Amino acid sequence: MNEIVYLDVKGMHCPDCPTKIEREISKMDGVTQIKVNLETENGCVTLNSNLTDISDIINKINKMGFEAKNVQSNT
Ligand code: 9UX
C-alpha cells in the first residue's frame, strides 16, 4: 500500500543536491515519488510499504552524505 512520508533533510549545499537525492532514491524498488526542497530542507516520499521501508530510504540518503530524518517519528 502507498504511504507518504515527510522528511527533514539537512546538509544540502547547492541546487544539485536535491536532484542527486531524487535521482538515487527514485531508482529504489517501492519508491513511487520523491521530491526534495533545498530551501526548506524538506522532502516528501511516496512509497509502497510492501516493497520498501522508510528506514531504507533514510539510510540511503544518509550514506550519500546528508542527514535525513522522518518528521513524524524523528528517526
Ligand atoms: Mo552541490 Mo550537493 O556541488 O551533494 S551537489 S553540494
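Biologist: Which residues of α2 are the buried ones, and how do you know that they count as buried?

Modeller: The buried residues of α2 are Ile-54, Ile-57, Ile-58 and Ile-61, where buried means under 20% relative accessible area, exposed means over 50% and partly exposed lies in between, with a 1.4 Å probe and protein chains only. Seen down the axis of α2, these residues fall within an arc of 95 degrees, so they line one face of the helix; the arc is that of the directions from the helix axis to the C-beta atoms. An α-helix has 3.6 residues a turn, so residues three or four places apart point the same way.

Biologist: What kind of model is this, and how are the residues numbered?

Modeller: This is a predicted model, in which local features need pLDDT of at least 70 and side-chain atom pairs count only at pLDDT 80 or more, while totals for chains, interfaces and linings use all residues. Residues are numbered from 1 along each chain as its sequence is written, and side-chain values use heavy atoms, with hydrogens and water left out.

Biologist: What do the buried residues of α2 pack against?

Modeller: They pack against β1, α1, β2, β3 and β4 (67-70), and contact here means heavy atoms within 4.5 Å. The names come from DSSP runs numbered from the N terminus, with helices (H or I) of at least four residues and strands (E) of at least two.

Biologist: What makes the buried residues of α1 lie on the same side of the helix?

Modeller: In α1 (residues 16-26) the buried residues are Cys-17, Pro-18, Ile-21, Glu-22 and Ile-25. They cover an arc of only 130 degrees around the axis, which puts them on the same side of α1. Their packing partners are β1 (2-10), β2 (31-37) and α2 (54-63).

Biologist: Why is Cys-17 called buried?

Modeller: Its relative accessibility is 10%, and therefore Cys-17 counts as buried. Leaving aside residues up to four places away in sequence, Cys-17 touches Met-12 and Phe-66.

Biologist: Why does Thr-46 count as buried?

Modeller: Thr-46 sits in strand β3 (residues 42-48), and because its relative accessibility is 13%, Thr-46 counts as buried.

Biologist: Why is Glu-41 called partly exposed?

Modeller: Glu-41 lies in the loop between β2 and β3, and because its relative accessibility is 26%, it counts as partly exposed. Glu-41 has a positive phi of about 55 degrees although it is not a glycine.

Biologist: Which residues are around the ligand, and how do you know?

Modeller: They are His-13, Cys-14, Asp-16, Cys-17, Lys-20 and Phe-66, and a residue is near a molecule or strand if one of its heavy atoms lies within 4 Å of it. An oxygen atom of the ligand is 2.7 Å from an N or O atom in the side chain of Lys-20.

How values were computed. A polar contact is a pair of N or O atoms within 3.5 Å; within protein, one must be able to donate a hydrogen and the other to accept it, and residues adjacent in sequence count only if both atoms are side-chain atoms.
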